[in-house]
Amino acid sequence: MTASAQPAVQRDKSHSHGAVVPESSRAEWFTSYDVGAFEVPSGREEIWRFTPMKRLAGLHTGAAATGSVSVVVDAPAEVTAESVPRTDPRLGAGGVPADRVAAQAYSSFTEATVLTVAAEVRSPAPVLVTVTGPGAGKVAYGHLQIRAELYSEAVVVLDHRGSGVYADNVEFVLADGAKLTVVSIQDWADDAVHVSAQHARIGRDALLRHTVVTLGGDLVRVSPTAAFADRGGEVELNGLYFADAGQHFEHRTFVDHAVPNCTSNVVYKGALQGEGAHTVWIGDVLIRAAAEGTQTYELNRNLLLTDGSRADSVPNLEIETGEIAGAGHASATGRFDDEQLFYLQARGIPEDQARRLVVRGFFHELLMKIQVPEVRERLEAAIEAELEAVGV
């Protein structure tokens, strides 16, 4: 899909491969820090239509906090970690909540964690942030902001674990020339509910590499949003998820191109196994009229390992200018590739081993993007355990 092939405004409902596209432009979606400004969703709204509302444990109706999460930061001396009150003027710089749960989380947290990488500092080691849930049957809200100042560089791992119900906002604020790599891991206990809005604001010539890994929890919904503040910004939004029986994993990406000459690339891949396993990927890209020279692409692939699982995939591309470098998307959901299996078995590899190799190869591209070896090895082991559980 190139600039020459695009009309001035791209809002054709058929453009998302037959899926339902929101009636209004993403540019017009309502945002607010105030939870009272949002109506209580019923589940019929476009933004909530895939989410099993009864399993949100009241996050959308204003559930009161009955517990708190533990946030432990392991950072080198070059990275500053602070606990700040909600009145800190830096909070909110990354983005504004676009749904009621995110607004509820913003209205309900008492203290936020702020990590700052100072200007021109390159962190010598990854920053590890471990968030442990409030405990079974308890509800908590949180807020985290990561600031990468001028020409700084850092790798941050957000590791979510434990039990309970948790909603949060995470902000990534990148100054000009900064480079930030983030790996957000959702490895919750089986009972956990996690709804996370992750907002990124990307400065001139800055680069954000953001990877979401979702492996555990009863219901997990992560919504990464990236917006460019100036020219030359670049964002990579990657995701890897593996859903078991009964789990609901939902990922909603949004890239807002509002300035010229920025680049975005979105790649999400998931595997599903077991009765009632359900994954949802919604990929929205908005190229506003002023965003000439934009280059963007989004891809979602889903691999169904057993009967009874379901993957919904909806890419949406909205273009308001014909003066772009390129834009496109692709989405596919299916079972094992018979040709790949035949190729491997024809070379003497037993069928069960061939299937495992296909799944490993399916995730290999994304795993290799994770720059922290111990994290990558942990995720490889987790995928291997999932495959053993289903007998693949």
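User: How many cavities of 30 Å³ or more does the structure hold?
Analyst: The structure holds two cavities that reach 30 Å³ or more, where a cavity is a set of points on a 1 Å grid over the protein atoms alone at which a 1.4 Å probe fits but cannot get out. This is a predicted model, in which local features need pLDDT of at least 70 and side-chain atom pairs count only at pLDDT 80 or more, while totals for chains, interfaces and linings use all residues. Residues are numbered from 1 along each chain as its sequence is written, and side-chain values use heavy atoms, with hydrogens and water left out.

User: How much space lies in the largest cavity?
Analyst: The largest cavity holds about 40 Å³ of space, the volume being what is filled by probe spheres set on grid points that are joined across faces, edges and corners.

User: And which residues line the largest cavity?
Analyst: Its lining consists of D99, V101, A102, A167, D168, V195, S196, A197 and S223, and lining residues are those with an atom within 4 Å of a point. Helix 1 (100-108), strand 7 (165-174) and strand 9 each supply at least two residues of that lining, with the largest share, three residues, coming from strand 9. Helices (H or I, at least four residues) and strands (E, at least two) are DSSP runs, numbered from the N terminus.

User: Is helix 1 mostly covered or mostly open?
Analyst: Helix 1 is mostly covered, since seven of its nine residues are buried, with buried meaning under 20% relative accessible area, exposed over 50% and partly exposed in between (1.4 Å probe, protein chains only). Those buried residues are R100, V101, A102, A103, Q104, A105 and Y106. They pack against strand 5 (139-148), strand 7 and strand 9, and contact here means heavy atoms within 4.5 Å.

User: OK, pockets now. What volume does the largest pocket have?
Analyst: The largest pocket has a volume of about 540 Å³. A pocket is an open set of points with protein on both sides within 12 Å along at least five of seven lines. The largest pocket is lined by 29 residues, and R26, V96, A98, T225 and F254 lie nearest its centre.

User: Which strand gives the most to that lining?
Analyst: Strand 11 gives the most, with six residues. At least two residues each come from strand 9 (193-202), strand 11 (219-228), strand 13 (248-257) and strand 15 (278-287).

User: How many strands and helices does the protein have?
Analyst: The protein has 18 strands and four helices. Nine strands form an open sheet with mixed pairing, in the order 1-4-6-8-10-12-14-16-18, and two strands pair if DSSP finds at least two bridges between them. At the edges stand strand 1 (70-74) and strand 18 (326-334), each of which pairs on one side only.

User: What about strand 8, is it enclosed or open?
Analyst: Strand 8 (residues 179-187) is largely enclosed by the rest of the structure, because seven of its nine residues are buried. It runs parallel to strand 6 (residues 153-161), to which eight bridges join it, and also parallel to strand 10 (residues 207-216), to which nine bridges join it.

User: Which way do strand 14 and strand 16 pair?
Analyst: Strand 14 (residues 263-272) and strand 16 (residues 295-304) pair in the parallel sense over ten bridges, and G270 has N302 in strand 16 as its bridge partner.

User: What share of the whole protein counts as buried?
Analyst: Of its 392 residues, 57% count as buried. Among the contacts with a separation of 6 or more, 86% are between residues 24 or more positions apart.
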